[in-house]
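Open the model in your viewer and keep the selection panel at hand. The tour below tells you what to select at each stop.

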Amino acid sequence: MSRLGTETAFEVLVRARALERQGKHIVHLEIGEPDFETPANIVEAAVDALHLGYTHYGPSAGLPDLREAIADEVSKTRGVKFTPDEVVVVPGGKPIIFFTMLALVEEGDEVIYPNPGFPIYESMINFLGARAVPISLREERDFRLDVNELASLISDRTKLIIINSPQNPTGGVLTKDDIYGVSAAIGDRDIMVLSDEIYGRLLFEGEQFSISSVEGMKDRTIILDGFSKTYAMTGWRMGYGVMRADLATHIARLMTNSNSCTASFTQIAGIEAIRGDQSATEHMRLEFQKRRNVFVNGINQIKGFSCRLPKGAFYTFPNIMQTGWSSKKLADALLDEAGVAALSGAAFGAFGEGYLRFSVANSVENIQMALERIDQWTKTNL
Ligand SMILES: Cc1ncc(COP(=O)(O)O)c(C=O)c1O
């Protein structure tokens, strides 16, 4: 258990809530979830499903109609044909990380993962007794991995490579060339890729390109996607993995052993999410883009901070090295003294030191309030 890591966002949220209980006002820019409500058509579909009796166990791999809807959607968006038996529905995107690693990674294997990156990757690699091999994402490359560096990290022990685009915490987006480069670096070696595409619909610039679309890569890719971010459904707990049918069978068996199945009525709502009106998702995307612009323009005018324009997701990752403060110390001070909750870049891995992550999943007014507070704080303290 001592090898298992955590996700700091939840801890900072608890601390921020404790400060609120003491009467302090906090602007929440720490947690990674849309501040919008789940679209009404999806909520209605869930309510109807409850009345219709979708309150029982279902198949471990997911309801057939939802698996079919996902297979259709993923085939359309990735431009490769997927069938329902290649889809497993699970409670959130996270279990796909957990289950695919349990299924694929043995003690002593090496797993290459983005750093800074979603902390659960490193946590799970360490938990399984595998060797965590970080690939650094550098600001000067707009936080896109360097494929030559990736090639140099691949060894005979490499079992899995994790990529994530658009990326948490940097908002970086891999280009089509980068993705081809990753595939070329792998060559014909027996290495699987976990492609975390959970922010795929939250893209502001560039194009979303999945490694599963590269010739020869479909069978070596596990696509992680879900409903949390795209449809503002973080609390519903529903996501999915798309992978070779033989691997999908194993992942479904892990579901049988852990959750039995994903909640049935939420899956009916998931069909509506995928097949129904998509305008709420587009509205959210445009709102996040607007807020990103407000935040990045504002933070770049504050002493000690400099921030690139992220191309996707709803995160910004300003460089704070000029402040002379460590990431953790600065994040703590901003929370305690300025009432702005953000995350230390180091919470996303060693290469995140020197940065903070601010989520822009909050209103323009609150973002402006946060910027004013940070500005005031730096004028007094730096
Ligand atoms: C990169 C990445 N992958 C996966 C997840 C997990 O999503 P879910 O809440 O659906 O489990 C998150 C959530 O923050 C994420 O940022």
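Begin with the ligand: the space it takes up is the largest pocket. Keep in mind that this is a predicted model.

Next, show the residues around the ligand. There are 13 of them, and the closest are Gly93, Asp196, Tyr199, Ser228 and Lys229.

Now look at individual atoms. Select Ser228, where a polar side-chain atom lies 2.6 Å from an oxygen atom of the ligand. Move to Arg237: an N or O atom in its side chain is 2.8 Å from an oxygen atom of the ligand. At Lys94 the atom to find belongs to the backbone; this polar atom is 2.9 Å from an oxygen atom of the ligand. How much of the ligand does the protein bury? Taken alone, the ligand exposes 400 Å², and the protein buries 94% of that.

Leave the ligand and turn to the nonpolar cores. The largest has 66 residues. Select Ile97, Met101, Leu160, Phe305 and Phe358, the members that touch the most others in this core.

Stay on Leu160 and show its contacts, ignoring neighbours within four places in sequence. Among them are Met101, Leu104, Val105, Ile191, Met192 and Val193. Glu110 is also in contact with Leu160.

For the last stop, select Ala49, Ala69, Ile70 and Met233. These belong to a second, separate core of 26 residues.

Terms used:
Residues numbered from 1 in each chain as written. Predicted model: local features only at pLDDT ≥ 70, side-chain atom pairs only at ≥ 80, totals over all residues. Heavy atoms only, no water. Core = buried A, V, L, I, M, F, W, Y, C linked by side-chain atoms within 4.5 Å. Buried < 20%, exposed > 50% of the residue type's maximum accessible area, 1.4 Å probe, protein only. Contact = heavy atoms within 4.5 Å. Near = heavy atom within 4 Å. Polar contact = N/O pair within 3.5 Å; in protein donor to acceptor, adjacent residues only side chain to side chain. Areas by Shrake-Rupley, 256 points an atom, 1.4 Å probe, with all protein chains shown as cover. 1 Å grid on protein atoms, 1.4 Å probe; cavity = no way out; pocket = protein on both sides within 12 Å on 5 of 7 lines; lining within 4 Å. Sits in = over half its atoms within 2 Å of the grid points.
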